[in-house]
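Please work through the exercises below with the sequence and the structure at hand. Each task is followed by a solution in steps.

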Amino acid sequence: MRHPFLMVVLLFSVFSQHSMAQEADVTPEKYTAHNKGKFYIFWGGNRESYSKSDITFKGEDYNFTLHDVEAHDKPKGWHVDYINPARMTIPQTNLRIGYFITDKYNISIGVDHMKYVMYQDRAVDYTGYYQNQGTYGETLPNGQVLLTEDFLTFEHTDGLNYVNTEFSRVDDISKLFTIGNTDKFQINLTEGVGAGILYPKTNAKVLGMQRHDDFHISGYGVSAKVGLNFTFFKYFFLQTELKGGYINMNDIRTTHNAADRASQEFFFLQRVIAFGGIFRI
């Protein structure tokens, strides 16, 4: 060959162009493509609904059950207390910390700080006995009592604390919405199941006796949830959840007398909006 130098230059040029073309075809892997090894934390607020509940009160000289008692939550709405460090435990809140053991599955621990307030001044059926019947303005015909404040106040407002562990699955559904760059915006579907203990601070005044009003492990709960997770710029997210469950509280402290106890069981439905972050350490 008369011009070996030109041949070398030509071969080098072809090789370089081929290499550059291959590099151009390789797209850097997105941060949101894999979750395994990531931690997350979120904080938010909730609203609750409760099923009717039979509540039994027992003591040294009384044992009675109120049937089909109704209760409600105690919301604060959109309030600065949710982000005020000195008061952020006062509203109905959710705190959760989790870790992804695979790309799709994570385990977490959290506290659902709910509030449960019995409706006052409603007529309910009752069975059993207690002393001084009729002295609290509560007596009604047909085996019913009126839930006057002198007769009974009953709430878990500091609160109905469900301390639980969850096992959850997360699926990226961004393609359903034609979202290309999930590092900028990603939509995930999440489902999970959980179980834990109830650690309420119950505010109860039974038959005019002084309340106990201290934290106490009162029972257990199980739950299931489904939600949507909206992740922004890799690390930040908004998460909405619907969570339903069953609560059994068989050891509720009501007064300073250790013999005084209450028990109840009910179902709940919780709606959650939370903000959080996801990251690798």
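The model is predicted, so local features need pLDDT of at least 70 and side-chain atom pairs count only at pLDDT 80 or more, while totals for chains, interfaces and linings use all residues. Residues are numbered from 1 along each chain as its sequence is written, and side-chain values use heavy atoms, with hydrogens and water left out.

**Exercise 1.** State how many helices and strands the protein chain has, and what share of its residues is buried.

Solution. Step 1: helices (H or I, at least four residues) and strands (E, at least two) are DSSP runs, numbered from the N terminus. The chain has 1 helix and 15 strands. Step 2: buried means under 20% relative accessible area, exposed over 50%, and partly exposed in between (1.4 Å probe, protein chains only). Of the 281 residues, 43% are buried.

**Exercise 2.** Classify the ring pair of Tyr162 and Phe268, and locate both residues.

Solution. Step 1: rings of Phe, Tyr and Trp (its six-membered ring) pair if their centres lie within 6.5 Å; planes under 30 degrees apart count as stacked, over 60 as edge-to-face and the rest as tilted. The whole structure holds 24 aromatic pairs. Step 2: the centres of Tyr162 and Phe268 are 6.2 Å apart and the planes stand at 65 degrees, so this pair is edge-to-face. Step 3: Tyr162 belongs to strand E10 (residues 152–172) and Phe268 to strand E15 (residues 261–279), 106 residues apart, so the pair links distant parts of the chain. Step 4: both Tyr162 and Phe268 are buried.

**Exercise 3.** Determine whether Gln270 is buried or exposed, and name residues in contact with it.

Solution. Step 1: Gln270 lies in strand E15. Step 2: its relative accessibility is 0%, so Gln270 counts as buried. Step 3: contact means heavy atoms within 4.5 Å. Leaving aside neighbours within four places in sequence, the contacts of Gln270 include Asn46, Asp112, Met114 and Glu241. Step 4: Glu241 is 29 residues from Gln270 in sequence, and their C-alpha atoms are 7.9 Å apart in space.

**Exercise 4.** Find the strand that holds Phe236, and decide whether this residue is buried or exposed.

Solution. Step 1: Phe236 is in strand E14 (residues 236–253). Step 2: with a relative accessible area of 51%, Phe236 is exposed.
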